[in-house]
Every structure is written in C-alpha cells, then in structure tokens.
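Start with the terms needed to describe a helix pair, then go through the pairs in turn.

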Amino acid sequence: MSNGDGAPEGEVYDWFRRGAQLLEQGHPAAAVQLLLRAAEAEPHSRSVLEALARAQYGAGLYREALENFRTVAQLDPSDDYAQFGWGLTAARLGDFEASAEHLALAVAMRPDAEHYRAALRQTKATLAARAGAYGPLLPGAPGYREPGQDSA
C-alpha cells in the first residue's frame, strides 16, 4: 500500500484518516507511521498533530507526544484536549509540576470532564506525596531516598 518511494498511497487526508482509524483500533505504533507522514506534509494542522500525539502517547513515545501536544496547545491555548494531553504526558515523563499546570488548565476549560479532574487529582496527590504531605515515605516506596543520599 505504498508507491515506489515508500510513501503510503493516497493524499494527506487519506493518511490522516487511516492513521486515526488504526489508533482507534488499538494500533498506535502503526498509526504513528502514517500520521508522521501526514504531519510532515501538513506541519501546522492541529488535527494531524493531535492525532499524532495521541498515537505517540499510546505507543509509549512520550517525549515525542509531549512535543506535539505542546505544539497544538501553543497553536490554540484554548484547546482543552491539547492541555490535557500535555499534562498526562508530562506526568509520564515525571514532570508533575508541568503536569499539574496543564491539567488544571484543561479542568478550568472543561470542569465537567471527570477524566480531566481525576488526572489532576492524581498528579496533585503525587506532588503532595513527594513533598511529604502524607508523612515520610517508607523504604522501598517510589521516590524514597535513604537519609544522606544525594538528590541528584
């Protein structure tokens, strides 16, 4: 299903639709391949970039997904889903401060979205636990450091 130069058959819209369909069918890595082609052809298309970010997130390509969610949010700061994706992806990468900021923006834009609120609660709980708000971490818990251990 490709022409002689390795590009998939069809036009950019066809690549976008097939990529989105693969994503919905649970094949994010395959979707990434088509959506990357579409994004190369249409680098400012928010729809293509959002679908690519979703596919990258689903394929575990968190750094790439973060960049694309960030780009979509910067193109349209009122895009609640892009803010949500930025927040989720930042959390996956361990940046809970950025995660909280972007999830809070998403919740402010769509307070009725329970999955936005749940993600924000989880990020806030992680930040609180890391700050010791729930008491000291026990040995073996994620984030636990032996006394005197460098924080680097």
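The axis of a helix is a line fitted to its C-alpha atoms over the stretch in contact, and the angle between two axes runs from 0 to 180 degrees between N-to-C directions. Two packed helices are described by that angle and by the distance between the axes. The model discussed here is a predicted one.

Take helix H1 (residues 12-24) and H3 to begin with. Their axes lie 10 Å apart, and the helices pack at an angle of about 30 degrees. Angles under 35 degrees count as roughly parallel, and H1 and H3 are therefore roughly parallel to each other. The crossing in which H1 passes H3 is left-handed. From H1, the residues that take part are Phe 16, Leu 23 and Glu 24, and they meet Ser 47, Val 48, Ala 51, Arg 54 and Ala 55 of H3. By type, the residues of this contact between H1 and H3 divide into five nonpolar, one polar and two charged.

H4 itself covers residues 62-75, 14 residues in all, and reaches 20 Å from its first C-alpha to its last. That is close to the 20 Å expected at 1.5 Å a residue.

Next comes the pair formed by H5 and helix H6 (residues 96-109). Their axes come within 7 Å and cross at roughly 155 degrees. Because angles over 145 degrees count as roughly antiparallel, that makes H5 roughly antiparallel to H6. Here, too, the crossing is left-handed, with H5 passing H6. On the H5 side the contact involves Asp 80, Gln 83, Phe 84, Trp 86, Gly 87, Leu 88, Ala 90 and Ala 91; on the H6 side it involves Phe 96, Ala 98, Ser 99, His 102, Leu 103, Leu 105, Ala 106 and Met 109. The residues of this contact divide into eleven nonpolar, four polar and one charged.

One residue of that contact can be followed further. Gln 83 sits in helix H5 (residues 80-92). Is Gln 83 buried or exposed? Its relative accessibility is 4%, and buried means under 20%, so Gln 83 counts as buried. What is Gln 83 in contact with, leaving aside its neighbours within four places in sequence? The partners are Ala 73, Pro 77, His 102, Leu 103, Leu 105, Ala 106 and Met 109.

Definitions and conventions:
Residues are numbered from 1 along each chain as its sequence is written. This is a predicted model: local features need pLDDT of at least 70, side-chain atom pairs count only at pLDDT 80 or more; totals for chains, interfaces and linings use all residues. Side-chain values use heavy atoms; hydrogens and water are left out. Helices (H or I, at least four residues) and strands (E, at least two) are DSSP runs, numbered from the N terminus. Buried means under 20% relative accessible area, exposed over 50%, partly exposed in between (1.4 Å probe, protein chains only). Contact means heavy atoms within 4.5 Å. Angles under 35 degrees count as roughly parallel, over 145 as roughly antiparallel, 65 to 115 as roughly perpendicular and the rest as oblique. A crossing is left-handed if the near helix is turned anticlockwise from the far one by less than a right angle, and right-handed if clockwise. Ala, Val, Leu, Ile, Met, Phe, Trp, Tyr, Cys and Pro count as nonpolar, Asp, Glu, Lys and Arg as charged, and the others, Gly among them, as polar. The expected span of a helix is 1.5 Å times one less than its number of residues.
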